[in-house]
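Please go through the two-chain model shown here and report on its packing, its confidence and its chain contact. Keep the sequence at hand while reading.

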Amino acid sequence: MYVAVKGGEKAIDAAHALLAAERRGDPAVPELSLAQIQQQLAGAVDRVMTEGSIYDRELAALAIKQAAGDLVEAVFLLRAYRTTLPRLAASEPVETAEGLIRRRISATFKDVPGGQVLGATFDYTHRLLDFALAAGGAPLPAPQQVETAPAAMPRVADLLGRDGLIEPPPAETGAPPRDLTREPLEFPADRAVRLQNLARGDEGFLLAMGYSTQRGYGKNHPFAGEIRVVDVAVEIIPEELGFAVEIGEIRLTECDMVNQFKGSATQPAQFTRGYGLAFGHCERKAMAMALVDRSLRAAELGEEITAPAQDAEFVLYHSDSVEASGFTQHLKLPHYVDFQSELDLVRRLRAAALKEAAE
Amino acid sequence: MTEPLAGYNFAYLDEQTKRMIRRALLKAVAIPGYQVPFGSREMPLPYGWGTGGIQVTASIIGRPDVLKVIDQGADDTTNAISIRRFFARTAGVATTERTRDATIVQTRHRIPETPLAAGQIIVYQVPIPEPLRWLEPRETETRVMHALSEYGGMYVNFYEDIAIHGRIATTYDYPVLVNDRYMMRPSPIPKFDNPKMDMNPALQLFGAGREKRIYAVPPYTKVKSLDFEDHPFTVESWNEACAICDAGDSFLDEVITDDQGTRMFVCSDTEYCRDRVAAKAAE
């Protein structure tokens, strides 16, 4: 039988047609529009943009539609498309202390300058299936008009920093950070590289890694110093102009984790930081990222490295869903030849052993 | 009292689940400080929000009960409100902000300043029940350590703190020894609250939902915070008094009031603070 090779081309075409039909589902049910996905599946769109490393809601919605809601597959689609895009410019650093605050909470202080802004959150909803939603079309209560937020909402970590209670943010080196999408990952990886990797990393993986630190595998006593969801302007400085020009606005979720550090012989006690940043509203991701960022600083802070979440190679090599999904699933590809070699060897070994036993 | 939520059992959990949890609670009361594994259920609130405490409360609450829920000492924090509403909605029980009026107090991170009385139950929400977890991440190991009362590691840990910093560097979730036998985490209450647990007339129940453990301190049980003879246990104190009620004996929260670093200190226990202000106004 030589079917596997000869029939391959026809089989693939037929499989793709079947996949397209299954993605579409029953044609009697109206087709999803990209606008519907963008508007009503915003959580999926934000996750796909973050892990896909492209801020484009429409492309993310398309990827989700094409992937039939399989978000890891959608991330993959977006990453593959990203490869084709030219790099026109690098933006100026965005300033998350400015911009329109959508949500801002601190778990370390009951109140902070600028106040706690709960915003849209699942946090205090009761997870009771809402059967009214199943019927659709139920009128919504209009959200209350919020008071105008004060212009400045200083970061909580900066407030702690005034008294030296927390380590200062890393100093500006002036050197452009390595770009993981253009250069390979190398070790030791500096923090900028690690953060890039984590930002693109699979939410589930980071969640499990961060969670393991909370359960004693590389603990680092976290407090959510601040979580903010903010719309910020993105600026570039075109070479021919020489001054900053705003090219658009993006929504970010930022998490500043405040972690315990007892100090050492040379350093007085001070809190340390873990940092997380994600596109759109991806709070779980940003928090998990901040936990893992902090645990990966173990070596820098002189902590004993005992747990997977403190091991940069372990975390950074396995965080990427596109890489992990690809390699895990490649096991589906034909391995007839390798397996044949193994089969041959096992047969020989068994034959030798049986012969020995018989003698 | 209102009618509970249609389509759900009283206090959300089905009766079989409640019975299972009550059995775990009875065992926990019989072996003070011992962590009893239980079949924790998925709850409509997320793990980490207090699912253990909620399941314990749901299993012991009855129609005549009056429930108080606090988080960080306050009745008005979002999570406290959410849990209070959950029980108002699913059990239709009366709720209160007054410790004295409550039959059950569910708490996260504080014990009320108002002393608890005999007959009352306080339910603690517990994130990590295992006091030895930071010394040994494996559950199979820590269970053996408890069985053998092998608690030396914790004392060594504290000794190292003293050698390096001159003091024990644990400030909340400060481990205690219950009834001279089991080491127990008091949940992340400040160590300020630890002495309140000792010989308390109320029943103290602890629920850890994600970790699937229940433990208890029966009324009038000895609860000793770990220390050394030459480094006795001490609690936090402040140079300030509460900016609202002037209390000098309560646990104070720091509130940052501007970006110049100005701070004020206020009672973490909102009920206590309010009562003191009312009492002063009445004078």
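## Around A:Ala60

Leaving out residues up to four places away in sequence, A:Ala60 touches A:Val45, A:Val48, A:Met49, A:Gly52 and A:Leu78. The model is a predicted one. A:Ala60 also belongs to the largest nonpolar core, which has 56 residues. Within that core, A:Val48, A:Ala60, A:Ile64, A:Ala286 and A:Val292 touch the most other members. Helix H11 of chain A gives the most to this core: seven residues. A second, separate core has 54 residues, including B:Val29, B:Phe38, B:Ile70 and B:Val178. In soluble globular proteins, nonpolar side chains tend to be buried together.

## A:Val45 in helix H4

A:Val45 sits in helix H4 of chain A. Is A:Val45 buried or exposed? A:Val45 is buried, because 27 C-beta neighbours lie inside 10 Å and the cut-off for burial is 20 or more.

Which residues does A:Val45 contact beyond four places in sequence? They are A:Ile37, A:Gln38, A:Arg57, A:Ala60, A:Ala61, A:Ile64 and A:Gly280. A:Tyr55 is ten residues from A:Val45 along the chain. The C-alpha atoms of A:Val45 and A:Tyr55 are separated by 9.8 Å.

## Helix H9 of chain A

Helix H9 of chain A covers residues 191-200. Its buried residues are A:Val193, A:Arg194, A:Leu195, A:Asn197, A:Leu198 and A:Ala199. These buried residues pack against several elements of chain A. Four helices are on the list: H4 (42-52), H10 (203-214), H11 (283-295) and H12 (312-318). Strand E4 (272-279) of chain A is on the list too.

## Chain A overall

Chain A has 14 helices and four strands. Its C-alpha atoms fill a box of roughly 80 × 65 × 55 Å, taken along the principal axes. Of its 359 residues, 30% count as buried. Take the contacts in chain A between residues at least 6 apart in sequence: 64% of them join residues at least 24 apart.

The average pLDDT of chain A is 90, and 96% of the residues score at least 70. Where is confidence in chain A highest, and where is it lowest? Helix H4 is highest, at 98. Helix H1 (residues 3-6) is lowest, at a mean of 46. Over residues 1-5 of chain A, pLDDT stays under 50. The model has zero contacts beyond four places in sequence for residues 1-5 of chain A.

## Chain B overall

Chain B comes to seven helices and twelve strands. Its C-alpha atoms fill a box of roughly 60 × 55 × 35 Å along the principal axes. A compact globule of 283 residues would have a radius of gyration near 19 Å, and chain B agrees because its own value is 19 Å. Of the 283 residues, 42% count as buried. Among contacts in chain B between residues at least 6 apart in sequence, 63% join residues at least 24 apart.

## The sheet of chain B

Seven strands of chain B form an open sheet with mixed pairing. The order is E1-E9-E8-E5-E4-E2-E3. Why do strand E1 (36-37) and strand E3 (94-95) of chain B each have one side without a neighbour in the sheet? Both stand at the edges with a single partner strand, so one side of each is left without a neighbour in the sheet.

Strand E2 (residues 66-71) and strand E4 (residues 104-108) of chain B pair in the parallel sense, over five bridges. B:Asp71 has B:Arg108 of strand E4 as its bridge partner.

## A loop residue in chain B

B:Tyr151 lies in the loop between helix H4 (139-147) and helix H5 (152-165) of chain B. B:Tyr151 counts as partly exposed because it has 18 C-beta neighbours inside 10 Å. B:Gln125 is 26 residues from B:Tyr151 in sequence. C-alpha to C-alpha, B:Tyr151 and B:Gln125 are 24 Å apart.

## Where the chains meet

The contact takes 20 residues from chain A and 18 residues from chain B. On the side of chain B that touches chain A, the elements giving two or more residues are helix H3 (78-90) and strand E11 (252-256) of chain B. The residues of that side divide into eight nonpolar, five polar and five charged.

Technical notes. Residues are numbered from 1 along each chain as its sequence is written. Chains are lettered from A and ligands numbered from 1 in the order in which they are written. The radius of gyration is taken over C-alpha atoms; the globule rule is 2.2 Å times the number of residues to the power 0.38. A residue is buried if 20 or more other C-beta atoms lie within 10 Å of its own, exposed if 12 or fewer, and partly exposed in between; C-beta atoms are placed from the backbone. Two residues are in contact if their C-beta atoms, placed from the backbone, lie within 7 Å. Ala, Val, Leu, Ile, Met, Phe, Trp, Tyr, Cys and Pro count as nonpolar, Asp, Glu, Lys and Arg as charged, and the others, Gly among them, as polar. A nonpolar core is a set of buried Ala, Val, Leu, Ile, Met, Phe, Trp, Tyr and Cys residues joined through C-beta atoms within 7 Å. pLDDT is the predictor's confidence in each residue, from 0 to 100. Two strands pair if DSSP finds at least two bridges between them.
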